[in-house]
Amino acid sequence: METRIIKIDENNIDKSLIEEAAKIIREGGLVAFPTETVYGLGANGLYEKAVKKIFLAKGRPQDNPLILHVHSVEQVKDLVEEIPPVAKLCMDKFWPGPLTIIFKKSPKVPEMISAGLDTVAIRMPENKIALELIKEANTPIAAPSANISGKPSPTSADHVIEDMMGKVDMILDGGDTGIGLESTVLDLSTDIPMILRPGGVTKEDLSKFIPNITIDSSIIKEDEKKVPKSPGQKYRHYAPKAEMLLFSGQVDSIVDAIIVNTEKYTKEGKRVGIICTDETKNFYKEGLIISMGSRKNKETIARNLFNILRTFDHLEVDIILAEGVDLSNLGIAIMNRMMKAASGKIIKV
Ligand code: TXA
Ligand code: MG
């Protein structure tokens, strides 16, 4: 399939390009588009044949449900059984934005979207290109992250091109994404509001409006025995080609441990990549060193993480030694992704 790559400026959107992209969506094709979190791989969410193409292009397991993206609250009403008051409140406070809400689904939602569950995930993105596209397509857009299943989510059009060239009809290149990690997934379909995936909207943000909010305990620890509430949590994710070890604990102990390990692996003839922070980067004398940004600014760390994982793929390192961060605010989302990238290989120091 020929893939058209089209540059589009979020602050000066060329309407005719949106019309072309929307036509592809309406007619059952695939369009990759930017959101404020990561790039999405979009298809007409109410057209089963189109949705099926998403699973094929990504190599995604069929039992992993998709998020429907909407441009208005009005659009949600058709897709859900009910909008509970707490969901109404969250939509008011956090939409458009990086919050996906799980509702009880209406019969209108195709089986393939919800992967056989009786719930549906819905989000209203903040990126104007995404919003215009959904509006013009005049249908909810199903969109997982636009990466091959298992790889880090794409935060730039180049990442999408790397994974999706020849597999989609169009890629809308709207530049780098702002947040760089996927949306928070919040389950409001039961009496216990629960975060199933941490993301751009933090637990701290949500607890101002939902005092009894809980967080799925498997989020930052790998617990093989536990049945995940969100199917996506059981798959290997964000995986760089190289093995990755994640170090957590006091910052100076992390640095000491990474220095010792760098020496050890280098002696074995391995190419070592180090994921560090601005505060620590000068302590390392060996290895390929990339900083995620300052520990004082988790927004920057979140924005850079997936690109760094892909960069180490290109640099063909044999092992990645990564510094962990503390779990406050965006820290839990960052550590959740890093832990998965490391396949649970966390070294507590
Ligand atoms: O930021 C984002 O959310 C991006 C952009 C493109 O919007 N999308 C994204 O989609 O990350 P995806 O498919 O890569 O991740 C969706 C996650 C998966 O972990 C999936 O299992 C979970 O949401 N999910 C979807 N529907 C669900 C449901 N009904 N119940 C529980 N979890 C659900
Ligand atoms: Mg994904």
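A salt bridge is a side-chain nitrogen of Lys or Arg within 4 Å of a carboxyl oxygen of Asp or Glu. In the predicted model above, local features need pLDDT of at least 70 and side-chain atom pairs count only at pLDDT 80 or more, while totals for chains, interfaces and linings use all residues. Residues are numbered from 1 along each chain as its sequence is written, and side-chain values use heavy atoms, with hydrogens and water left out.

Welcome to the charged pairs of this structure! Side chains of opposite charge can pair when their charged atoms come close. The salt-bridge rule gives a count of 21 here, and the table lists examples.

| Salt bridge | N to O distance |
|---|---|
| K23 and E27 | 3.5 Å |
| R123 and E36 | 2.8 Å |
| K298 and D326 | 3.1 Å |

Let's begin with K298 and D326, whose side chains meet in a salt bridge. This pair links distant parts of the chain, 28 residues apart: K298 is in helix α10 (residues 298-314), and D326 is in the loop between β15 (319-323) and α11 (331-341). Helices (H or I, at least four residues) and strands (E, at least two) are DSSP runs, numbered from the N terminus.

K298 is buried at 11% relative accessible area, whereas D326 is partly exposed at 43%. Buried means under 20% relative accessible area, exposed over 50%, and partly exposed in between (1.4 Å probe, protein chains only).

Next come R123 and E36, joined by a salt bridge. R123 lies in strand β6 (residues 119-123) and E36 in the loop between β2 (31-33) and β3 (40-44), so the pair ties together parts 87 residues apart in sequence. Both residues, R123 and E36, are buried.

Technical notes:
Chains lettered and ligands numbered in written order.
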